Amino acid sequence: MQNNISDNIKNLFKKTFKEDINDIFTLPQSGSSRIYYRIKSNNHSVIATYNTDKKENTAFFHLSEIFKKNKINVPEIYAKDLENNIYLQEDLGDETLFNRLLKVRKSNEFPEELINLYKKVIEKLAELQIKVSEKVDYSICYPRKAFDRQSIMWDLNYFKYNFLKFTDVTFNEQLLENDFNTFADFLLSADCHYFLYRDFQSRNIMLHNNEIYFIDYQGGRKGALQYDLASLLCDAKANIPEKIRTELLEYYINYVSQIIPIDKNEFYDYYYAYALIRIMQAMG
């Protein structure tokens with residue numbers, strides 16, 4: 001099967017760029033079933049993606065088009081072969097925000113260079129969430145058009161069955177379910193009319209040509225502003241110190257309040273609730 005995929009990728013590359021391939025190799029897989037390849041020729045380096053989930057591909061193409069039209073930095077899609085579940089996209093290199101963090105950070109310090117970089121990322125996030133919120137066709141988003149009750153319950157049950165049930169913690173399942181429903185009611189009482197990236201964390205933020213780029217937004221949908229910010233600031237792998245997280249949270253609120261009206265106290269309440277469900281989902 002791998003040979004067939006490789007042959008289809010080579011054919012699409014040659015058809016698109018009119019060049020022979022010098023090198024093709026598989027990139028390490030992350031948390032999805034998508035397979036990525038880096039292809040090099042004399043004049044090009046591109047990323048090929050193989051993904052059999054056609055609805056996810058459709059969502060990715062739609063969101064990419066919307067982002068590009070609104071001057072949000074995402075990879076250029078060069079070519080598609082939907083029959084064979086492959087497409088070619090821009091190669092943004094290997095440096096993620098997480099890589100930069102590991103390179104710059106020493107022990108528990110969080111240097112000014114990283115704080116300033118995170119502030120730039122936060123600005124880009126806010127612009128993305130607000131700028132495209134009314135331009136996305138959410139009926140195309142996958143697997144849900146919004147971070148709705150179903151999405152919330154999936155995450156909470158993921159936490160219950162993949163984390164809590166494997167611990168020695170004794171709990172009443174019915175009471176926990178009652179709490180889950182109360183929690184979902186609260187989360188959904190926030191303003192949920194913005195674009196929600198869904199997996200906005202340091203490994204999905206690329207640093208390329210001194211610009212910030214976003215990748216892996218296939219699961220984007222409609223939702224609350226707080227979720228993506230919590231995903232970024234509460235990213236366990238990044239391990240941002242509490243004092244810096246608070247500073248960056250304040251920075252986000254002040255930046256967004258220049259674009260849309262914000263009730264600061266209300267934003268805080270919902271932010272910590274969305275941070276909790278994000279952490280629970282990650283634990284699961």
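1. Helices here are DSSP runs of H or I with at least four residues, and strands are E runs of at least two, both numbered from the N terminus. Please keep in mind that this is a predicted model: local features need pLDDT of at least 70, side-chain atom pairs count only at pLDDT 80 or more, and totals for chains, interfaces and linings use all residues. Residues are numbered from 1 along each chain as its sequence is written, and side-chain values use heavy atoms, leaving out hydrogens and water.

2. Together with Lys-71, Lys-131 and Lys-135, Lys-124 makes up a positive surface patch. Patch members have over 30% relative accessible area and no salt bridge, with like charges joined within 9 Å; Lys and Arg count as positive, Asp and Glu as negative, while His and the chain ends are not counted. Each charge is placed at NZ of Lys, CZ of Arg, CG of Asp or CD of Glu. Lys-124 has a relative accessible area of 34% and is partly exposed. For accessibility, buried means under 20%, exposed over 50%, and partly exposed in between, using a 1.4 Å probe and protein chains only; the areas come from the Shrake-Rupley method.

3. There is a negative patch to look at too, formed on the surface by Asp-191, Asp-263, Glu-266 and Asp-269. Glu-266 belongs to helix 9 (residues 264-283) and is partly exposed at 44% relative accessibility.

4. Side chains of opposite charge can pair when their charged atoms come close. The structure has 18 salt bridges, each being a side-chain nitrogen of Lys or Arg within 4 Å of a carboxyl oxygen of Asp or Glu. One of them joins Lys-69 to Glu-65, with 3.3 Å between the closest N and O atoms. These two residues are about one helical turn apart because they sit four residues from each other in helix 2 (residues 54-69). Lys-69 is exposed at 60%, whereas Glu-65 is partly exposed at 43%.

5. Do have a look at Lys-160 as well, which bridges to Glu-173 with closest N and O atoms 3.0 Å apart. This pair links distant parts of the chain, 13 residues apart: Lys-160 in helix 5 (residues 149-162) and Glu-173 in helix 6 (residues 173-188). Shared partners join Lys-160, Lys-165, Glu-173 and Glu-177 into one salt-bridge network. Lys-160 is buried, at 3% relative accessible area, while Glu-173 is partly exposed at 32%.

6. Finally, Gln-89 in strand 5 (residues 86-90) is buried at 7% relative accessibility. Leaving aside neighbours within four places in sequence, Gln-89 has contacts (heavy atoms within 4.5 Å) with residues including Tyr-36, Phe-60 and Tyr-78.

Conventions
Patches are made of residues with over 30% relative accessible area and no salt bridge: like charges are joined within 9 Å, nonpolar side chains (Val, Leu, Ile, Met, Phe, Trp, Tyr) within 5 Å. Accessible areas come from the Shrake-Rupley method with a 1.4 Å probe; for residues, only the protein chains shown count as cover.
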